[in-house]
Amino acid sequence: MAATSSWRPAFSPNKNLSLSSSSWRLSLPSRVLLPGRQKPKTFIVLASMMDAKPTVLVAEKLGDAGLELLKSFANVDCSYNLSPEELCTKISLCDALIVRSGTKVTREVFESSAGRLKVVGRAGVGIDNVDLSAATEHGCLVVNAPTANTIAAAEHAIALLAAMARNIAQADASVKAGKWQRNKYVGVSLVGKTLAVMGFGKVGSEVARRAKGLGMHVIAHDPYAPADRARAVGVELVSFEGALSAADFISLHMPLTPGTSKMFNDDAFSKMKKGVRIVNVARGGVIDEEALLRALDSGIVDQAALDVFTEEPPPKDSVLVQHEKATVTPHLGASTTEAQEGVAVEIAEAVVGALKGELAATAVNAPMVPAEVLSELSPFVALAEKLARLAVQLVAGGSGVKSVKVTYASARSPDDLDTRVLRAMITKGLIEPISNVFVNLVNADFTAKQRGLRLTEERVVLDGSPENPLESIQVQIANVESKFGSAICNSGEITVEGRVKDGKPHLTKVGSFSVDVSLEGSLILCRQVDQPGMIGKVGSILGDENVNVNFMSVGRIAPRKHAVMTIGVDEEPRKDTLKKIGEIPAIEEFVFLKL
């Protein structure tokens, strides 16, 4: 029998939690115990304020409106340009810390706070400079301000786009050098040109709106963006390769993740139109800067306008910065008076709310999960996230993930099975690989709704002992195309299913095919004609390329019909190695997936 359940974003039945459009409110426990310790260490999450005002240390410049908001609630210490040692000395006297990107909030900072630091506010989006693991271990919330600088970043992208098209920076420098070179700086028009927006989130969609107003034809690539949201702006979602080959201009707006690091490399540049122009106001690391130099020198890329770099500030002798075809700015995307004030207010509100015991929707970590829940669900937590990561990687480019169904099979009654942490991890697995959002119990439901993702849960009640919390978890993504057709089940959804065996997550089903593989390392899925020698052929190709195979499994419908071979590998095979596998006549399709 099946029972559909709803998920309430509460931490436990006896905690008072309500959700509004902008914040989560709950009464946090004063102490949290970490599991797996013989003598659990106690961390303070929020202590009683009594009648004293909390102290907020502002370590980098913040807008006046934000400072005034903070001062209405707390004692504010504005101390800029602190050395790491000075920060560690001051932090033990502070309840909250606000930084931008220049201050490193390391494990040493949290340890030096001696449990007093309750919230770290990052005035901006990225939190690379905050040790999230250490923050969580020390019961400290981390919040950011992801929305206030959206318009400023979009406007800067458009400014760079126009300046690049008309050679504004180069012509300005030329005139100031006493030259008058009108013929040298003839530009190109934007009207009628195709702009590929790579990353259709908040900033990307605002860039698209403005480019449409300039008469440009706009396409976008984002493996997660809903197609209806793109259509509402008049934008067509396309594959990564389709965007590269069609674009006259490319504007980058994706986060820097392991999957997007150096995404724009020699291979990507080789697929672009000769003479393409590129704007980057996202993250420097998404471009392989050496490859970009080669593309500029060869003429594949006619011009590049860069606001961000892999290393900031870049070296003074940077060849890329000095390149005559490059227009560069010093990370000014959020640098407008309005954006700075907006960020200041947004982060001040989040910090004050946290000090009052509220958890803002912009929280990027969460209070500890109760030890008994983690102990029981720990292997299923890993299974849930990995199944979701697999499923979202199977979605073909241009398909927007909107509807996901999760089915839990268990001998326990629905009331005895708390799946909140599993649902959060599935949301994490679906969203984190393709965004810069950190998903946890606090923000999972909010993040899913914000991105138009509808996640439903169904529970199948099995006969048997309820000793184990779960028998299996199935993740299905509806209304999308798949990179691997065999992952589509008979009802039309991308389907992956798994269970925990010997304490480790295993993949047990892909589409309609049964498999049995450990979810570790990376996977190669191959659909093949079931015939002798296939395992040997594929294994030989991988062995010749020094790729270590840690397991193989074959699931088939019937002998000599179709089968799905699942191969676990320790290293990522080179593209030509994967191409050799695909050229085996009996292999009909294949896909490489990272876990």
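This report describes the helices, sheets and backbone features of a predicted protein model.

## Basis and overall content

The model is predicted, so local features are given at pLDDT of at least 70 and side-chain atom pairs at pLDDT 80 or more, while totals for chains, interfaces and linings use all residues. Residues are numbered from 1 along each chain as its sequence is written, and side-chain values use heavy atoms, without hydrogens and water.

The protein has 18 helices and 28 strands; these are DSSP runs numbered from the N terminus, with helices (H or I) of at least four residues and strands (E) of at least two. Of its 595 residues, 52% are buried (under 20% relative accessible area; exposed is over 50%, partly exposed in between, with a 1.4 Å probe and protein chains only). Among contacts (heavy atoms within 4.5 Å) with a separation of 6 or more, 66% join residues 24 or more positions apart.

## The parallel sheet

Seven strands form an open sheet in the order E13-E12-E11-E14-E15-E16-E17, with parallel pairing. Two strands count as paired if DSSP finds at least two bridges between them. Strand E13 (236-237) and strand E17 (326-328) each have a single partner strand, so one side of each lacks a neighbour in the sheet. E13 pairs with strand E12 (residues 217-221) over 2 bridges in the parallel sense, and Ile219 is opposite Glu236 in E13.

Helix H7 packs on this sheet and touches strand E11 (194-198), E12 and strand E14 (249-252). The direction of H7 makes about 170° with that of E11; axes are lines fitted to C-alpha atoms, for helices over the stretch in contact, and angles run from 0 to 180 degrees between N-to-C directions.

## Helices H5 and H7

H7 (residues 202-213) also packs with helix H5 (residues 150-165): their axes come within 8 Å and cross at roughly 50°. H5 is therefore oblique to H7 (angles under 35 degrees count as roughly parallel, over 145 as roughly antiparallel, 65 to 115 as roughly perpendicular, and the rest as oblique). The crossing is right-handed, that is, the near helix is turned clockwise from the far one by less than a right angle.

On the H5 side, the contact includes Thr150, Ile151 and Ala154, and on the H7 side Lys202, Val203 and Arg210. The contact residues comprise 8 nonpolar, 1 polar and 4 charged (Ala, Val, Leu, Ile, Met, Phe, Trp, Tyr, Cys and Pro are nonpolar, Asp, Glu, Lys and Arg charged, and the others, Gly among them, polar).

## The antiparallel sheet

An open sheet of 4 strands has the order E26-E27-E25-E28 and antiparallel pairing. Neighbouring strands are turned by 15° against each other on average, direction ignored. E25 (residues 522-529) pairs with E28 over 7 bridges, and Leu523 has Leu593 in E28 as its bridge partner.

Helix H17 (residues 534-544) packs on the sheet and touches E25, E26, E27 (562-569) and E28, at about 30° to E27. Helix H18 (residues 575-582) lies across E25 and E28, at about 150° to E28.

## Backbone exceptions

Most residues other than glycine have a negative phi, and most peptide bonds are trans. The bond from Glu312 to Pro313 is cis, with omega near -5°; Pro313 is in the loop between strand E16 (301-306) and helix H12 (319-322).

Asn479 has a positive phi of about 60° and is in the loop between strand E21 (472-478) and strand E22 (494-501). Its relative accessibility is 71%, so Asn479 counts as exposed. Asp502 has a positive phi near 55°, lies in the loop between E22 and strand E23 (504-510), and is exposed at 80% relative accessible area.
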